[in-house]
Amino acid sequence: MPEQLPQTAMPLLEIDVLRTFVSIAESGSFTRAAGQIFRTTSAVSMQIKRLETTLGCTLFVREARRITLTSDGERLLSYARRLLKLNEEAVSAFVTPRLNGQVRFGTPADIGTHILPGLLSLFARTHPGVEVNVSVGRSIDMIQRVDAGELDVALISVGNVGQDDSRGEVIHSEPLVWAGRTGGVAVERDPLPLALASPGCAWRRQALDALDRAGRSYRIAYSSEQCAGQEAAMIADLAVAPYPLSLIKAPLKRLEEGPNLPSLGEYQIKLLRAPGCSEPVEVLSRHVVAAFASYR
């Protein structure tokens, strides 16, 4: 007679559900994770609800603009990553990945801050035979490197000075807005103190053009190559800045537009591919497009 398992046997964790859990933890959003793993948001929510029921704890805290892990969620994340890695090693010992090759991928530092880390991590797990090398630099440099054959595919922001914006596929568009410290007074100062990126940046050009048209006096109080520098100046309440809506998080807030803060329009991201792309490049490109589509 076969041995009967005890009624108190530990439940088994499903690899597919753990992959969903890690995707949410890394992207900070159920919607973005759903796009990355090609499921609906409701299906992702059901998976997490089932996982929480199995473990008897809450894994995520749903905040205003972001999902964060509870202490139990943080504990599980370490286990989940190790289990996914072990699963990949076990499968790789028997199955040769169908897709192999290398992709040279370029991106500006300020693009896809909340999207690319989770996307690239997931792609590495789902396509272990593809090596992705990431380069970070200015959009105009990314275009030149694609043309020189140094990059296979690149993300670029639209509107930078001296840049050819006729090329590439628009994969993301969102409002460029004014941001500042919640409860801060920088926005009330005259001239308006600004935290801007380096000359030539699309955000900088859009902001200065809008202020000039509105006749609003301003001064450049802080200039930085990286958006992290702008963020630091805003958090310190030294200045306000033009910022993509999706990047604004506490303690920063979107500032109300009006006569002194004119509308800035849209901020766009394009995907530029080199001619004659290989299959790994095309597959990664499709994943990037899907990830940004789910972010809207």
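The buried residues of helix 1 pack against helix 2 (30-37), helix 3 (41-55), strand 1 (60-62), strand 2 (67-69), helix 4 (71-92) and helix 5 (116-126). Contact here means heavy atoms within 4.5 Å. Helices (H or I, at least four residues) and strands (E, at least two) are DSSP runs, numbered from the N terminus. The model is predicted: local features need pLDDT of at least 70, side-chain atom pairs count only at pLDDT 80 or more, and totals for chains, interfaces and linings use all residues. Residues are numbered from 1 along each chain as its sequence is written, and side-chain values use heavy atoms, with hydrogens and water left out.

Helix 1 is mostly covered, with eleven of its 13 residues buried. Buried means under 20% relative accessible area, exposed over 50%, and partly exposed in between (1.4 Å probe, protein chains only). Among the buried residues are Val17, Leu18, Phe21, Ile24 and Glu26. Gly28 follows helix 1 and has a positive phi, near 75 degrees.

Leu13 sits in the segment before helix 1 (15-27). Leu13 counts as partly exposed because its relative accessibility is 32%. Together with Leu55, Tyr79 and Leu83, Leu13 makes a nonpolar surface patch of about 330 Å².

Aromatic pairs were counted next. Rings of Phe, Tyr and Trp (its six-membered ring) pair if their centres lie within 6.5 Å; planes under 30 degrees apart count as stacked, over 60 as edge-to-face and the rest as tilted. The count comes to four aromatic pairs. One of them, Phe21 with Phe60, is tilted, at 5.4 Å centre to centre and 50 degrees between the planes. This pair links Phe21 in helix 1 to Phe60 in strand 1, 39 residues apart. Both Phe21 and Phe60 are buried. The pair of Trp203 and Tyr243 is edge-to-face, because the ring centres are 5.8 Å apart and the planes lie at 70 degrees. Trp203 lies in helix 7 (residues 202-214) and Tyr243 in strand 9 (residues 241-244), so the pair ties together parts 40 residues apart in sequence. Trp203 and Tyr243 are buried. Ring pairs also link Phe21, Phe30 and Phe60 into a cluster.

Glu174 is found in strand 6 (residues 169-181). Glu174 counts as buried because its relative accessibility is 8%. Leaving aside neighbours within four places in sequence, Glu174 is in contact with Pro244, Leu245, Ser246, Gly265, Glu266 and Tyr267.

Technical notes:
Patches are made of residues with over 30% relative accessible area and no salt bridge: like charges are joined within 9 Å, nonpolar side chains (Val, Leu, Ile, Met, Phe, Trp, Tyr) within 5 Å. Accessible areas come from the Shrake-Rupley method with a 1.4 Å probe; for residues, only the protein chains shown count as cover. A salt bridge is a side-chain nitrogen of Lys or Arg within 4 Å of a carboxyl oxygen of Asp or Glu.
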